[in-house]
Amino acid sequence: MAKPEYEFFDPTERMDWVPVEGADGLHEIVLAKDDETGDYTRILRFSPGCDTTPLGEQRHEFWEEVWIVSGAIHDLGLDQTFSAGMYACRPPGMPHGPWRADDGCVTFETRYHR
């Protein structure tokens, strides 16, 4: 099986938040991952004041879909703020970020190859 089989549960009670290397205050919970393809689903948490400038502008070789669950993030490259309930679908190579989350933010993300 490529990804694990789970019935409903609260991942924040069963799984640990892991720091994302390169940006203080950025943490993730990888919910499910396919080790063969590298596809995965995660929750990403920006602590209040988190700034991902050290990671620079991002471009990926995979598709990425992001839904903002709570809070808001400000894209420093676009000089735009995106808030809870907003959604993005980014094809491979689409530039985004870096981000700042003055009051914190939580996103739900899927990353996959075709």
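Reader: Which pattern does the protein follow, read along the sequence? After that, please take me through the salt bridges.

Author: This is a predicted model, in which local features need pLDDT of at least 70, side-chain atom pairs count only at pLDDT 80 or more, and totals for chains, interfaces and linings use all residues. Residues are numbered from 1 along each chain as its sequence is written, and side-chain values use heavy atoms, with hydrogens and water left out.

Read along the sequence, the pattern is α-β-β-β-β-β-β-β-β-β. That comes to one helix and nine strands (DSSP runs numbered from the N terminus, H or I of at least four residues for helices and E of at least two for strands). Of the 114 residues, 35% count as buried (under 20% relative accessible area; exposed is over 50% and partly exposed in between, with a 1.4 Å probe and protein chains only).

Now the salt bridges. Side chains of opposite charge can pair when their charged atoms come close. The term here stands for a side-chain nitrogen of Lys or Arg within 4 Å of a carboxyl oxygen of Asp or Glu. A search of the whole structure finds seven of them.

One joins E109 and R42, with N to O at 2.7 Å. E109 belongs to strand β9 (residues 105-112) and R42 to strand β3 (residues 40-46), so this pair ties together parts that are 67 residues apart in sequence. Both E109 and R42 are buried.

Another salt bridge is formed by E64 and R111, whose closest N and O atoms are 2.8 Å apart. Here too distant parts of the chain are linked, since E64 is in strand β5 and R111 in strand β9, 47 residues apart. E64 and R111 are both buried.

R100 counts as partly exposed, at 28% relative accessibility.

F62 sits in the loop between β4 (50-51) and β5 (63-75) and is buried, with a relative accessible area of 18%. Its C-alpha atom is separated by 8.5 Å from that of R90, 28 residues apart along the chain.
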